[in-house]
Amino acid sequence: MVRSGPVIAYERPSWPGDSSATAATAAMSCGSIGATGAFPVCASLAAEPGCSLLEHDLLAWLAAAPSCRSRMLDLADQLAVARGGLTRIVDRFVERGWIERDRPEANRREVYAVLTAEGRAILSAARAVYSRVLKETLGAHLDERDLSDLARITGKLLDAMG
């Protein structure tokens, strides 16, 4: 492991015959330390606006939805979390005043999450932190062309993975 500023870079041994795809996958695996909280975005979001990366993503999905309102079922799919797990997350959000639950009279089995003004304020603060940290980390190592290529390639992979 090599430390370079606030970012931890992981060295991986190379083996003869490694393909570019293998090297890229290994690099992405090292980058996935975000799930453990070690990635700078996670720490900064927790420290400044007071939310996790998953919580940021949930707020962002709601903000992007028509009328800032989405079915719980759809949110679970978008975030790739279990429905029960999303229910616990939403419980915390309701307690914080970031979202409200809505059950339409016509179908009481459906539950919607609705972004509140306080939730929009938290998302705005979180987006500022998120953008700043990515500029400090990725932007410090990649020029505009590299960043454009990265966005294109990751978009292509996400589209292919469904």
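The legends below describe close-up views of a predicted model.

**Figure 1. Overall fold of the predicted chain.** The protein chain contains seven helices and five strands. Along the sequence these elements run in the order β-β-α-α-α-β-α-α-β-β-α-α. The chain has 162 residues, of which 26% count as buried. Among contacts in the chain with a separation of 6 or more, 49% are between residues 24 or more positions apart.

**Figure 2. Confidence along the chain.** The average pLDDT of the protein chain is 77, and 75% of the residues score at least 70. Residues 1–16 have pLDDT below 50, and this stretch makes 17 contacts in the model beyond near neighbours in sequence. Residues 29–38 also have pLDDT below 50, with nine contacts in the model beyond near neighbours in sequence. Where pLDDT is low, predicted coordinates should not be read in detail.

**Figure 3. The largest nonpolar core.** This core has 25 residues. Those with the most contacts inside the core are Leu 58, Leu 59, Leu 62, Leu 86, Phe 93 and Ile 99. At least two core residues come from each of helix H2 (40–47), helix H3 (53–64), helix H4 (72–79), helix H5 (83–96), strand S5 (112–115) and helix H6 (117–141). H6 gives the largest share, five residues. Leu 86 can be followed in this view: leaving out residues up to four places away in sequence, Leu 86 touches Leu 58, Met 72, Leu 75, Ala 76, Leu 79 and Val 81.

**Figure 4. The aromatic pair of Phe 93 and Trp 98.** The structure holds one aromatic pair. Phe 93 and Trp 98 form this pair in an edge-to-face arrangement, with 5.1 Å from centre to centre and 75 degrees between the planes. Phe 93 counts as buried because its relative accessibility is 0%, under the 20% cut-off. Trp 98 has a relative accessible area of 5%, so Trp 98 is buried by that cut-off too. Arg 96 lies over the face of Trp 98, at 4.6 Å from the ring centre.

**Figure 5. Strand S3 around Ser 70.** Ser 70 belongs to strand S3, which spans residues 69–71. With a relative accessible area of 8%, Ser 70 is below the 20% limit and therefore counts as buried. Apart from neighbours within four places in sequence, Ser 70 is in contact with Leu 62, Ala 65, Leu 75, Gln 78, Val 111, Tyr 112 and Ala 113. One of these contact residues, Tyr 112, has Arg 69 over the face of its ring, at 3.7 Å from the ring centre.

**Figure 6. Glu 48 and its contacts with Val 129 and Arg 132.** Glu 48 has 46% relative accessibility and so counts as partly exposed, a class that lies between 20% and 50%. Not counting residues up to four places away in sequence, Glu 48 touches Val 129 and Arg 132. Glu 48 and Val 129 are 81 residues apart along the chain, and their C-alpha atoms are separated by 7.5 Å. The side chains of Glu 48 and Arg 132 are joined by a polar contact of 2.9 Å.

Methods. Residues are numbered from 1 along each chain as its sequence is written. This is a predicted model: local features need pLDDT of at least 70, side-chain atom pairs count only at pLDDT 80 or more; totals for chains, interfaces and linings use all residues. Side-chain values use heavy atoms; hydrogens and water are left out. Helices (H or I, at least four residues) and strands (E, at least two) are DSSP runs, numbered from the N terminus. Buried means under 20% relative accessible area, exposed over 50%, partly exposed in between (1.4 Å probe, protein chains only). Contact means heavy atoms within 4.5 Å. A nonpolar core is a set of buried Ala, Val, Leu, Ile, Met, Phe, Trp, Tyr and Cys residues joined through side-chain atoms within 4.5 Å. Rings of Phe, Tyr and Trp (its six-membered ring) pair if their centres lie within 6.5 Å; planes under 30 degrees apart count as stacked, over 60 as edge-to-face and the rest as tilted. A charge sits over a ring if NZ of Lys or CZ of Arg is within 6 Å of the ring centre and within 35 degrees of the ring normal. A polar contact is a pair of N or O atoms within 3.5 Å; within protein, one must be able to donate a hydrogen and the other to accept it, and residues adjacent in sequence count only if both atoms are side-chain atoms. pLDDT is the predictor's confidence in each residue, from 0 to 100.
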